[in-house]
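Colleague: I have a model open and would like to learn how to read it. Can we go through it together, feature by feature?

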Amino acid sequence: MPAFWTESDFDDHEAVQVVRHRASGLTAIFAIHSTHLGPAAGGTRFWHYPDPALAMRDALRLSRGMSYKNAMADLPMGGGKAVILADETRTKTPAMLDAFGDAIEALGGRYVTAEDVGISEADMVAVARRTSYVSGLPTHGSPGGSAGGDPGPFTAMGIYHGIKAAVRHKLGRDSMAGVHVAVQGTGSVGGGVARLLARDGARLTLADIHHDRAAALAAELGATQVAADDVLDTRCDVFSPNALGAILDDSGVGRIEAPIVAGGANNQLARPEHGAALAARGILYAPDYVINAGGIISVTLEYLARCQGSHCDVDEVNRRLKQIPERLAEIWRQSESSGVSPDAVADRMAQAKIGR
Ligand code: NAD
């Protein structure tokens with residue numbers, strides 16, 4: 001097996017650490033991609049990987065993505081990610097979370113964690129018993145209330161602003177009334193996006209592998225539901241991926257029947273060339289880590305405020321969420337004038353910000 005630092009996903013990460021704590025059964029990877037702009041911030045993923053090399057790949061790719069996401073959101077944070085390698089039964093014990101918290105504390109503030117797939121707010125509260133380098137702690141946050149807590153609603157709000165910007169840019173429409181959006185994944189983010197769009201009179205098609213989840217939301221919003229396998233082929237104005245990554249692969253790019261792709265899933269492009277393939281088809285793409293930064297904006301501002309013994313101002317979070325469409329518009333403008341696809345433009349901007 002090749003060493004991980006010779007793999008294409010290794011991007012001169014500042015540090016990669018594997019922690020094993022036999023007594024609790026914890027095996028975790030910490031990938032610190034960059035601390036150029038501040039402590040490496042990014043969530044913890046708790047996942048069962050059939051092969052540990054896949055866990056390393058996730059940690060490397062996701063931590064680089066966090067460097068880019070935090071830089072593009074103008075946050076004073078670098079990029080990092082933690083992955084806990086779960087067993088097949090995905091058993092998560094208090095002792096394991098304690099050991100995980102101790103490992104974060106031992107990094108001395110170089111890495112600040114938050115929720116990601118498989119990790120709940122309650123898990124973060126448990127980790128915070130052992131270390132203060134934790135964001136995303138419950139504060140009953142919502143875009144209309146105080147900041148912090150569950151990042152999902154803030155992520156959804158940023159995507160909503162981003163979709164409206166894409167519709168304005170590509171379709172020349174200022175209103176979402178009657179604009180047809182197909183939403184893949186109706187969980188925390190996709191469900192939030194769908195509710196916000198429904199308020200504006202958008203026409204919605206929803207899909208989720210949890211059929212009942214999409215059905216309940218479709219009934220609530222008066223939307224149409226399609227099978228999870230069919231949503232990619234839906235003829236619509238906007239395809240909004242809010243489920244898994246890597247859906248824009250050789251087959252996925254060809255199946256899109258929409259002039260716009262704008263959604264919150266991380267790592268939507270299977271490979272960089274798929275961004276160029278979308279552009280070649282005339283499809284406007286909203287780079288995922290730019291449009292889905294709402295949650296990290298909220299949890300980071302909450303964390304920084306807590307470090308200073310104060311509370312985060314939700315108006316400040318909302319002001320920053322409204323910069324997401326401006327940032328996207330700048331990327332699309334540069335893409336059009338340079339002929340470089342939007343994902344590559346965003347990567348270049350992010351790399352310049354982190355001194356690469
Ligand atoms: P979630 O688990 O709440 O929702 C995901 C939904 O997608 C679930 O309902 C799941 O059943 C569905 N799904 C999974 N595979 C699917 C498929 N093939 N087709 C259709 N539906 C499918 O997760 P979430 O927090 O809403 O996150 C969604 C995506 O957004 C993830 O890629 C996540 O990494 C990304 N993201 C989330 C946040 C956040 O704040 N929660 C922030 C940035 C990015």
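Predicted model: local features only at pLDDT ≥ 70, side-chain atom pairs only at ≥ 80, totals over all residues.

Colleague: How many residues surround the ligand, and which are the closest?

Modeller: A residue is near a molecule if one of its heavy atoms lies within 4 Å of it. Here 21 residues surround the ligand. The closest are Thr-155, Val-189, Asp-208, Arg-213 and Ala-243.

Colleague: What is the make-up of that shell by class?

Modeller: Ala, Val, Leu, Ile, Met, Phe, Trp, Tyr, Cys and Pro count as nonpolar; Asp, Glu, Lys and Arg count as charged; the others, Gly among them, count as polar. The shell around the ligand has 11 polar, 7 nonpolar and 3 charged residues.

Colleague: Which polar side-chain atom lies 2.4 Å from an oxygen atom of the ligand?

Modeller: First the term. A polar contact is a pair of N or O atoms within 3.5 Å; within protein, one must be able to donate a hydrogen and the other to accept it, and residues adjacent in sequence count only if both atoms are side-chain atoms. The atom you ask about belongs to Arg-213. Asn-266 also places a polar side-chain atom by a ligand oxygen, at 3.0 Å. Ile-209 uses its backbone instead: a polar atom there is 3.3 Å from a ligand nitrogen.

Colleague: How much of the ligand's accessible area does the protein cover?

Modeller: Accessible areas come from the Shrake-Rupley method with a 1.4 Å probe; for residues, only the protein chains shown count as cover. On its own, the ligand has 830 Å² of accessible area, and the protein covers 77% of that.

Colleague: Which elements give two or more residues to the shell?

Modeller: Helices (H or I, at least four residues) and strands (E, at least two) are DSSP runs, numbered from the N terminus. The elements you want are helix H4 (152-171) and helix H5 (188-199).

Colleague: Helix H5 also holds Leu-196. Is Leu-196 buried or exposed?

Modeller: Buried means under 20% relative accessible area, exposed over 50%, partly exposed in between (1.4 Å probe, protein chains only). Leu-196 is at 10%, so it counts as buried. Contact means heavy atoms within 4.5 Å. Leaving out residues up to four places away in sequence, Leu-196 touches Ala-156, Met-157 and Tyr-160.

Colleague: Now the rings. How many aromatic pairs are there?

Modeller: A pair of aromatic rings is described by the distance of the centres and the angle of the planes. Rings of Phe, Tyr and Trp (its six-membered ring) pair if their centres lie within 6.5 Å; planes under 30 degrees apart count as stacked, over 60 as edge-to-face and the rest as tilted. The structure holds 3 such pairs. Phe-30 and Phe-100 are stacked, with 5.5 Å between centres and 10° between planes. Phe-30 sits in strand S2 (residues 26-34) and Phe-100 in helix H2 (residues 94-106), 70 residues apart.

Colleague: Why is the pair of Phe-30 and Tyr-111 edge-to-face?

Modeller: The planes meet at 65°, with the centres 5.7 Å apart, so the pair is edge-to-face. Tyr-111 is in strand S6 (residues 111-112) and Phe-30 in strand S2, so the pair ties together parts 81 residues apart in sequence. Ring pairs link Phe-30, Phe-100 and Tyr-111 into a cluster. Phe-30 is buried at 1% relative accessibility, Phe-100 is buried at 1%, and Tyr-111 is buried at 0%.

Colleague: Where is Arg-320 found, and what does its side chain contact?

Modeller: Arg-320 is in helix H11 (residues 314-321). Its side chain makes a polar contact with that of Glu-316, at 2.9 Å. Arg-320 counts as buried, at 15% relative accessibility. Beyond four places in sequence, Arg-320 touches residues including Asp-74 and Leu-75.

Colleague: What is the phi of Asp-74?

Modeller: It is near 60°, a positive value in a residue other than glycine. Asp-74 lies in the loop between H1 and strand S5 (78-85), and is partly exposed at 43%.

Technical notes: Residues numbered from 1 in each chain as written. Heavy atoms only, no water.
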